[in-house]
Amino acid sequence: MRNVTKDNITELVTKALSKDIPPRNRQIMTSLIRHMHDFCREVDLTFEEWLAACEFMRRAGDISDEKRNEFILISDILGVEVLVDMLDHRVTEGESESTVLGPFYRENPPVLPKGASIIKKHFENSQTVRVSGRVLDTAGKPIEGVTIDVWEDAPNGLYDLQDPEQPAYNLRGRFTTDAQGEYAFVAVRPEPYPIPYDGAGGELLNYMGHHPWRPGHIHFMLFKDGYQSLISQIYDADTKYLDSDSVFAVKESLIGKLNKAPSGADTDLVLVFDFRLKRAAAKTLIAAE
Ligand SMILES: [Fe+2]
């Protein structure tokens, strides 16, 4: 290992991996080292740029805590979270597509009856929307008893977690599908909002010349024993940034139209959106060795 050159360094580092590590560790580290070395050679990375990258990572660590993980944000801006989600949740039976969870989910939202409102604070100039639909299996049969958590930002572009002026759990709720597989709730029209850009993630956006905005969307998490859980979002068909989402999470199949409510309705708009869940993979029985 005394004659290290820019051409043999990759082989030297991968060969230095211990023989005792699990195969998956070997696969991941061999590929990571190869891609990182190739990247440095390809862009002819300078020492100054390498040091700037290390300092950038340090700042990302400094701003992170239990509530904020800047590395997730950075991976989102680079399209990595959505890519991993697509790799790990491949659509195989016509089930609804998933997309990123995002950083604003809160455990144990208020449990509400079908049709209830999740609005706890009124904002001027906001529009209310009745969101409803069915949850079906991949054969089109309604599924009763699916738990559905929903959450969205307020008309000021902030989630309750980010805004001391909002009551806790504003615009969050937990619903259950009825015997017809139906769910319904009253929400506000979701507004576009910027992902946090006051830290390392913002520096990266500037470096890339990209804006921080996300299109208006409502988050969903659906789960029931025996079915594969679904984490997804519905996008307002008329929102801005559908074609330039800062975290690349929009999918055509997740766009829903917010139509004007019929006269006499108690919301301004209505949105109908059905979900399909596939059965959870059966546990493979492994014969005794
Ligand atoms: Fe969101």
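First, the ground rules. Residues are numbered from 1 along each chain, following the sequence as written. Because the model is predicted, local features need pLDDT of at least 70 and side-chain atom pairs count only at pLDDT 80 or more, while totals for chains, interfaces and linings use all residues.

Start with the domains, whose bounds come from an automatic or database domain assignment. Domain 1 covers 1-45, and domain 2 covers 93-194 + 206-277. Between their C-alpha centres there are 44 Å.

Now the helix α2. Helices here are DSSP runs of H or I with at least four residues, strands are runs of E with at least two, and both are numbered from the N terminus. From first C-alpha to last, the 21 residues of α2 reach 30 Å, close to the 30 Å expected. The expected span is 1.5 Å times one less than the number of residues.

How many of the residues of α2 are buried? A residue is buried if 20 or more other C-beta atoms lie within 10 Å of its own, exposed at 12 or fewer, and partly exposed in between, with C-beta atoms placed from the backbone. For α2 the count is zero.

Just after α2 comes D44, with a positive phi of about 50°. D44 sits in the loop between α2 (23-43) and α3 (47-63). It counts as exposed because it has 7 C-beta neighbours inside 10 Å.

L171 also is not a glycine, and its phi is positive, near 60°. Its loop runs between β2 (147-151) and β3 (172-176). Is L171 buried or exposed? L171 counts as buried, because it has 26 C-beta neighbours inside 10 Å.
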